[in-house]
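Here's a quick tour of a few backbone and contact details worth a look. Have the viewer open while you read.

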Amino acid sequence: MKQFITLIIVLVLTVCCQNTKDGRYTQSEIESLHLGETKVMKIDKDSVQHIDISSCVDCKNYDFTSLVKDMRVIPLETTKESLVGNVYKIIVEDKNIYIYDNFNGGGIIIFNHEGKFIRRIPNGKGPGELYRLLAVAFDKQKGQLLAYQHPFILYYTESGEYIEQRKLPFGFYSFEVLPNGYIFKTLDGQGNGHLDEFRDKTLLVTDKDFAVKYAALYYPGNKANYSGYNYLYANDNGIQVTENSNDTIYKYVNGDRLKATYIMDYEDWKLPEKFWSLQGNEFSDALEKNDYFYFIGEYLETTTHHAFFLRNDYRRIQSVIYRNKQTGHIIGGMSAQVDKNQVLAAVSPISTYRDCFVSVCYKGKDDNLLSNSDILSPESKEAMKNLQEEDNPVIVLFNLQNF
C-alpha cells in the first residue's frame, strides 16, 4: 500500500476534480447524463457480517512467513525504456501486467507475465499520450486498457496501442468497467455540482455512454477529506466498494443494488467520529497527537482471504490484518516478521490476481539467501539470483495458508 507521502497524489486529484461547475461542460454534455432518469441505489444491510479485528490492530509483531503458502516472483525487464517509478497501482490480467507509476506525474508501463517489457504509453499532450493521469482500469470483455485524465478516458488495446478518447461530463477518483457500463467513485466530500441532487453521492453507475443510471453513498460536505487509495476493487468475487472514514465494506451486486458485506469492529482503537468534523491543520494535528487507528478505504480481497489496512499517524505506521474467509481467523499487526531465507518482504500487497495477493518489491542484499527457500519455486529462486539491486522491482504473487 502507499505510504504517507502519497497524500501529495490526493492533493493533485483534488485540484483536478473538486470544482466541477456547469461551466466546464456544455448543456448537451450535462443533458447526456440523463439525471432525470437516475435512481438512488438500494443498499442491502440485512446480511452484513461484523468482523472483530481489535485483537490484531495493536499487535506489535506477527509472523508473515508462516502465513505464506506459496510465492512466485516476476522480475521486470530493466532497460532505459522500461524503468519503473514509484508504483501507485498494478493490474494483473491473464496476458499482461499494467503498472501505473509516477513517471512524469503519472504513467503506464506494460509487461507480459514473464516480465518482458512491452510498451510504455508515452507522456505528453498529443493524441494517445498521457498528461496528468489519474486512474486506470481494464475492460476484460473487450481486452482494452483504459486511462483517465480529466475530463477524458483514453482507450488502448491490451498491448497499449491508442484507440480513442471520450470526454466525461463529471470528475471522479477511481473506476471499473462493468459488462454494460462503468462504476465510478468520486472524491469523498468533493461532489460534482452540476449533478444536482446527486452531487453528494460518491458512487455512480453509468451505461456505456456515461448516462448515470444509479447513484449511492452520500458523503456530507462537513467531514474531513482524507481520500483513500482506490475505493473500488475488482476481483473474481466481483467489485468491492469502500469509503473514507466508513468501516463498512460493500459489494456491488448489480445495477440497482449495493450490499453491505462486512463491518470492521475495533472500537477500543478507533478514531472517534468527532475528529472527522475537523478541517485542515486541526484534523492533521489531531491524527498526529492521538493514538488512534482509522480506515480510509484501503482493502483487498482474494477468493480465500481478506486484507484490511488501518493507519495510525501518531505511531506513523500502518497495520495490515489478514483474515481467512473459511475459518474467520485473523492474523496481523504493525510489524511483520519475515524469514529472509524463505520469502520476500512482500507484506503489504497493493493488488490481487485470482487467489493471490500482489506486491512489488526491490531486490535487497539479503535476497540471495532465498536460494534455500522451501516456499519459492525453483524458477523464482533462479530469477532472484540474477537480479541486481539497481534493477527494476519484481512483482510478487503470494497465496496464504488456510490458517
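## Glutamine 49 and its contacts

Leaving out residues up to four places away in sequence, glutamine 49 touches Thr261, Tyr262, Ile263 and Arg323. Bear in mind that this is a predicted model.

Glutamine 49 belongs to strand S3, which covers residues 49–52.

Most residues other than glycine have a negative phi. You'll find histidine 34 in the loop between helix H2 (27–31) and strand S1 (39–40). With a relative accessible area of 39%, histidine 34 is partly exposed.

Leucine 217 also has a positive phi, near 65°. Where does leucine 217 lie? It's in strand S17, residues 212–218. Leucine 217 has a relative accessible area of 6%, so it is buried, the cut-off being under 20%.

## A cis peptide bond

Most peptide bonds are trans. The one joining histidine 150 and proline 151 is cis, with omega at about 5°. Proline 151 is in the loop that runs between strand S11 (144–149) and strand S12 (152–157).

Conventions:
Residues are numbered from 1 along each chain as its sequence is written. This is a predicted model: local features need pLDDT of at least 70, side-chain atom pairs count only at pLDDT 80 or more; totals for chains, interfaces and linings use all residues. Side-chain values use heavy atoms; hydrogens and water are left out. Helices (H or I, at least four residues) and strands (E, at least two) are DSSP runs, numbered from the N terminus. Buried means under 20% relative accessible area, exposed over 50%, partly exposed in between (1.4 Å probe, protein chains only). Contact means heavy atoms within 4.5 Å.
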